Amino acid sequence: MAGVDPDELLARMREVCLALPEATEKVSHGSPSWFVRRMFASWVPYHHGDEHLAIWVAAPEGAQQDMVDAEPARFFVPPYVGHRGWLGLRLDVEPGGPDWDEVRGVVTDAYRCVAPKRLVAQLDPTA
């Protein structure tokens with residue numbers, strides 16, 4: 001999409017993901033991906049000729065279908081990991097880029113799916 005800089009999107013994704021407790025970045029399957037013991041999010045630009053910049057994230061049970069049904073232009077079932085409930089989010093369909101509060105929420109939910117309980121507890125220390 002015109003006006004959306006892939007390098008800027010990736011830099012913002014790094015900020016969002018690496019702000020989470022003990023999150024790390026590694027290259028997995030040729031793309032930057034974020035881990036907390038296991039992978040919780042991956043940068044997947046133009047996958048096999050897809051026209052979109054996207055992320056794939058772990059998702060809470062039932063969230064994938066709800067989000068894809070609600071907004072199929074932005075959310076999708078990603079190949080390879082979709083059968084495990086992962087969710088795809090296109091980052092370049094909104095003029096000017098994605099809603100970063102929403103991206104942060106989706107990524108944080110993904111983190112909660114795979115992080116140890118002691119790290120999840122750090123997200124809301126009052127709980």
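User: How far is the sulfur of Cys17 from the closest cysteine sulfur, and how many disulfides are there?
Analyst: This is a predicted model, in which local features need pLDDT of at least 70 and side-chain atom pairs count only at pLDDT 80 or more, while totals for chains, interfaces and linings use all residues. Residues are numbered from 1 along each chain as its sequence is written, and side-chain values use heavy atoms, with hydrogens and water left out. The closest cysteine sulfur to that of Cys17 is in Cys113, and because the two are 13 Å apart they are too far for a bond, a disulfide being a pair of cysteine sulfur atoms within 2.5 Å. The distance is therefore 13 Å, and the count of disulfides is zero.

User: Is Cys17 buried or exposed, and how does Cys113 count?
Analyst: The classes rest on relative accessible area, found with a 1.4 Å probe on protein chains only: buried is under 20%, exposed is over 50%, and partly exposed is in between. Cys17 has a relative accessibility of 0%, so this residue counts as buried. Cys113 has a relative accessibility of 32%, so the answer for Cys113 is partly exposed.

User: Where does Ser42 lie, and which side chain does its own side chain join in a polar contact?
Analyst: Strands (E, at least two residues) and helices (H or I, at least four) are DSSP runs numbered from the N terminus, and Ser42 lies in strand S3, residues 38-45. Ser42 is buried because its relative accessible area is 6%. A polar contact is a pair of N or O atoms within 3.5 Å; within protein, one must be able to donate a hydrogen and the other to accept it, and residues adjacent in sequence count only if both atoms are side-chain atoms. At 2.7 Å, such a contact joins the side chain of Ser42 to that of Ser33.

User: Which residues are closest to the centre of the largest pocket?
Analyst: On a 1 Å grid over the protein atoms alone, a pocket is an open set of points where a 1.4 Å probe fits, with protein on both sides within 12 Å along at least five of seven lines, and lining residues have an atom within 4 Å of a point. The largest pocket has a volume of about 270 Å³, a volume being the space filled by probe spheres set on grid points, which are joined across faces, edges and corners. Of the 13 residues that line this pocket, the closest to its centre are His29, Met39, Ser42, Trp56 and Val81.

User: Which element gives the most to the lining of the largest pocket?
Analyst: The lining divides into seven nonpolar, five polar and one charged residue; Ala, Val, Leu, Ile, Met, Phe, Trp, Tyr, Cys and Pro count as nonpolar, Asp, Glu, Lys and Arg as charged, and the others, Gly among them, as polar. With four residues, the element that gives the most is S3.

User: What is the phi of His29, and what is the phi of Tyr80?
Analyst: Most residues other than glycine have a negative phi. His29, in the loop between strand S1 (24-28) and strand S2 (31-36), is not a glycine, yet its phi is positive, at about 55°. Tyr80, in the loop between S5 and S6, is also a residue other than glycine with a positive phi, near 70°.

User: Is Arg84 buried or exposed?
Analyst: Arg84 is in the loop between strand S5 (75-76) and strand S6 (87-90). Because its relative accessible area is 54%, Arg84 is exposed.
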